[in-house]
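Welcome! Let's take a friendly look at how two parts of one protein chain meet.

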Amino acid sequence: MTRIQNYIDGQFFDSDDGLSLEIIDPSSAEKIGTFPDSAQKEIDAAVKSATKAFEHWSTSGPEYRSKWLFSLADAIESKLTEFAIAESRDSGKPLSVAKMVDIPRAVANFRFFAGAILHDQSEAYVDRPSVLNYTLRQPLGVVGCISPWNLPLYLFSWKIAPALAAGNCVIGKPSEVTPLTAHMLAETCVEIGFPRGVLNIVHGTGPRAGAALVAHPDVKAISFTGGTATGRLISRVASESLKKVSLELGGKNPTIIFEDADLEVASTTAVKAAFSNQGQICLCGSRILIQASVYDQVKAKLIEKTKALTVGDPLESATDMGAIVSMAHFDKVLHHIELARKDGGHVLTGGVRLHVSGRCENGYFLAPTLIEGIPHTCSANQEEIFGPVATLIPFETESEAIQLANDTKYGLSASIWTQDLNQAHRVSSKLSSGIVWVNCWMHRDLRTPFGGVKESGVGREGGLYALRFFTEAKNVCIKMD
Ligand code: NDP
């Protein structure tokens, strides 16, 4: 049993009123720990501590901050297996995925921004020989980082690392569903002697701890990743105090397979894109658009590859898909499958709860599900299910594929499969989404802009985009006689 505490001013505290909430392992439905149910008082204490730490941290210079971020990355990496086990127990994801993806990527986030801040540049403009303008990029102050449960440490670090590198002090609020690795991050900070107050982690629910952070008058910016409805609420509240806001929200991403694609590779990747992390990645390809001439061929491959996935105990090395993150989310995904059936959908494979014996007999396991035959206006093709459910949709022409792909309120990512370079460029430019992959999915380069359009978000993370978000540009104009 892990007893998580808040990490404020370099020390660990329970919530002020002693209230706590339970952590449930979704693969066994067992209680594995508790965390503080924090609210306004704990956020106030964290903001006070961060404000005090800001003066030194913000003026200490990039080398100093870089050194600390590299140290943090090294320390996390030295405990990679422990972090990965915690991530797997907390979220239900396969341990192999946490080991290969989540934790290494969190380490990479800290390393990337530790390096990036050493190479950050600013511009200068010489107007006439006697006038010089240059841009100072200064940290904002105390900022809030709010993250979801699907990639807990990975997405938490994706915000914290650039915020700290740029010279801000941070209040992090991880998801109540998956608080374990954020707590381990705090423990790691203590172990390496990370400067007090620079990073504070307050646990609790969104409506209490999260809302208090967003409304706090001394918090200058909120970087948020989560659902669109929550993002909209945060944007409204943050606008009252004119905070900067970055919103990375939901998606209903198309995988578009043209007839000339390498159908074997395209189908393999489409299955990976649909079901990785139990379909609980904002970038998952949950609508598979297939050119009509190869529809039956691709459909057969998708069914075969989906049926071959092993759903089971996340701690077993042979497991491809683990448990859905919580009972509430499991019910929501099943409800969406029922709606799809009512809308005329034909379940090609999956659609049912799976029972895993032994340690996991009470876990929340769902068979990976493919559905066809649903009108595009129906919820299974419009709403983000955020689970192991993908729909198959035929199209005739390139323009119809683009029209279908763009026909949702979301616009996060898309994956196009074709051997025709002209078609790849043409379609990429016409898709309403922040990210387009051609003949690949989820290929990652930390320097690129990451974010969505329409209801998938506002602003961009990644590389210089994140460093720009966490700084204020100040123009200095000097007239020289
Ligand atoms: P939520 O929007 O429910 O929660 C995200 C975070 O916001 C959690 O820490 C949550 O707290 C907190 N929160 C909830 N309400 C408030 C509030 N009123 N004020 C401040 N904070 C609040 O999302 P989920 O955790 O359910 O994550 C799934 C969603 O995240 C999906 O829609 C998915 O698409 C999206 N996502 C987007 C990504 C992107 O980059 N575009 C990447 C990954 C996920 P708590 O949970 O503790 O109550």
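This is a predicted model: local features need pLDDT of at least 70, side-chain atom pairs count only at pLDDT 80 or more; totals for chains, interfaces and linings use all residues.

A salt bridge is a side-chain nitrogen of Lys or Arg within 4 Å of a carboxyl oxygen of Asp or Glu. One salt bridge is counted between domain 1 and domain 2.

**The two domains**
- Domain 1 is made of residues 2-249 + 456-479, while domain 2 covers 254-446.
- If you take the centres over C-alpha atoms, domain 1 and domain 2 lie 30 Å apart.

**Where they touch**
- On the domain 1 side, 31 residues are in contact with 30 residues of domain 2.
- Between domain 1 and domain 2, about 2,500 Å² of area is buried, and carbon and sulfur atoms give 57% of that area.
- Three residues stand out here: Ser27, Trp149 and Ser456 supply 23% of the area that domain 1 buries against domain 2, more than any other three residues.

**Charged and polar links**
- Look for Arg359 and Asp25, which form a salt bridge whose closest N and O atoms are 3.4 Å apart.

**The side of domain 1 that touches domain 2**
- At least two residues of this side come from each of β4 (20-25), α3 (80-91), α4 (95-116) and α5 (152-165).
- The largest share, six residues, comes from α4.
- Sorted by type, the residues of this side are 13 nonpolar, 13 polar and five charged.

Note on methods
Residues are numbered from 1 along each chain as its sequence is written. Side-chain values use heavy atoms; hydrogens and water are left out. Domain bounds come from an automatic or database domain assignment. Contact means heavy atoms within 4.5 Å. Buried area is the accessible area (1.4 Å probe) that two parts lose on being put together, summed over both. Helices (H or I, at least four residues) and strands (E, at least two) are DSSP runs, numbered from the N terminus. Ala, Val, Leu, Ile, Met, Phe, Trp, Tyr, Cys and Pro count as nonpolar, Asp, Glu, Lys and Arg as charged, and the others, Gly among them, as polar.
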